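My notes are below, in the order I checked things.

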Amino acid sequence: MSKARSAEIKRKTGETDITVRLTVDGAGKSKIATGVPFFDHMLTLFAKHALFDLEVKAIGDTHVDFHHTVEDTGIVLGQALAKALGDKAGLVRYGHFLLPMDETLARVALDFSGRPLLVWRAPKSFNLNRLKAGDFPAQLTVEFLRAFSQEAGLTLHVEVLYASETHHLIEAVFKGVARALEQAVRRDARVKGIPSTKGVL
């Protein structure tokens with residue numbers, strides 16, 4: 001039987017106190033409490049569609065704003081995923097998904113390359129700095145993904161092809177990333193060792 005791919009990471013700063021427990025080969029179960037309700041909803045559906053079992057407990061300075069809590073959760077979740085995957089032996093490595101969310105269409109492609117990078121594209125009409133889903137600033141989606149990809153060692157490309165509603169835009173992105181991850185973290189028996197001609201990721 002393959003070793004379970006799971007990790008627990010705790011990180012405490014002057015702004016946030018975050019614990020993440022992650023099982024990669026899960027069933028999409030989650031227990032999320034960040035103090036940011038819309039973000040809780042996004043992480044819940046992220047776990048569901050990635051088929052990760054995920055627990056997140058975050059205490060942050062949300063009385064100031066949501067930025068530190070959201071960004072730092074991305075950091076800890078990325079660290080947990082990197083730890084759970086270990087040396088990435090046998091990993092499929094790449095994933096991509098085209099995700100429709102009503103009138104929105106998002107395209108995601110990613111690679112566990114060990115060379116962290118976020119490329120984000122969205123329609124020019126969507127100025128994320130001015131948009132919110134409820135009280136959740138849309139720009140925090142980018143901040144979360146940047147922190148997550150950096151710590152997970154992901155090359156992550158996210159493009160919103162079109163949209164007209166902020167909630168749908170953000171949800172399409174979270175679901176699209178989740179489904180692309182579900183592909184990329186699979187084990188393939190044909191992959192012997194590290195999935196790179198360099199022998200390391």
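Entry 1: I am working from a predicted model. I looked up the largest nonpolar core first. It holds 59 residues, and Phe-46, Leu-81, Phe-112 and Leu-181 touch the most other members. Helix H4, residues 166–184, gives this core its largest share, 9 residues.

I then listed the partners of Phe-46. Setting aside neighbours within four places in sequence, I found Phe-52, Leu-54, Leu-77, Phe-148, Phe-174, Val-177, Ala-178 and Leu-181 in contact with Phe-46. Leu-181 is on that contact list, and Leu-181 is also among the core members with the most contacts to other members.

**Entry 2: helix H3.** Next I went to H3, which runs over residues 139–152. I checked its length. At 1.5 Å a residue, its 14 residues should span 20 Å, and the end C-alpha atoms are 20 Å apart, so the two agree.

How many residues of H3 are buried? I got 10 of the 14, so H3 is largely enclosed by the rest of the structure. The buried ones are Leu-140, Thr-141, Val-142, Glu-143, Phe-144, Leu-145, Ala-147, Phe-148, Ser-149 and Ala-152. I noted that Glu-143 is on this list.

What covers them? The cover includes helix H1 (37–50), H2, strand S7 (117–121), strand S9 (136–137), strand S10 (155–162) and H4. Just after H3, I noted a positive phi of about 75° at Gly-153.

**Entry 3: Val-142.** Val-142 has a relative accessible area of 4%, so it counts as buried. Not counting residues up to four places away in sequence, Val-142 touches Leu-118, Trp-120 and Leu-128. I also took a distance to Val-158, 16 residues along the chain from Val-142: the C-alpha atoms are separated by 9.5 Å.

**Entry 4: two threonines.** Is Thr-69 buried or exposed? Thr-69 is buried, because its relative accessibility is 1% and the cut-off is under 20%. Thr-69 lies in helix H2, residues 67–85. Beyond neighbours within four places in sequence, Thr-69 contacts Thr-16, Ile-18, Thr-34, Val-36, Phe-39, Ala-58, Gly-60, Asp-61 and Thr-62.

Thr-166 sits in helix H4. Its relative accessible area is 12%, so I logged Thr-166 as buried too. With neighbours within four places in sequence left out, the contacts of Thr-166 are Phe-126, Leu-131, Lys-132, Ala-133 and Ala-138.

Technical notes. Residues are numbered from 1 along each chain as its sequence is written. This is a predicted model: local features need pLDDT of at least 70, side-chain atom pairs count only at pLDDT 80 or more; totals for chains, interfaces and linings use all residues. Side-chain values use heavy atoms; hydrogens and water are left out. A nonpolar core is a set of buried Ala, Val, Leu, Ile, Met, Phe, Trp, Tyr and Cys residues joined through side-chain atoms within 4.5 Å. Buried means under 20% relative accessible area, exposed over 50%, partly exposed in between (1.4 Å probe, protein chains only). Helices (H or I, at least four residues) and strands (E, at least two) are DSSP runs, numbered from the N terminus. Contact means heavy atoms within 4.5 Å. The expected span of a helix is 1.5 Å times one less than its number of residues.
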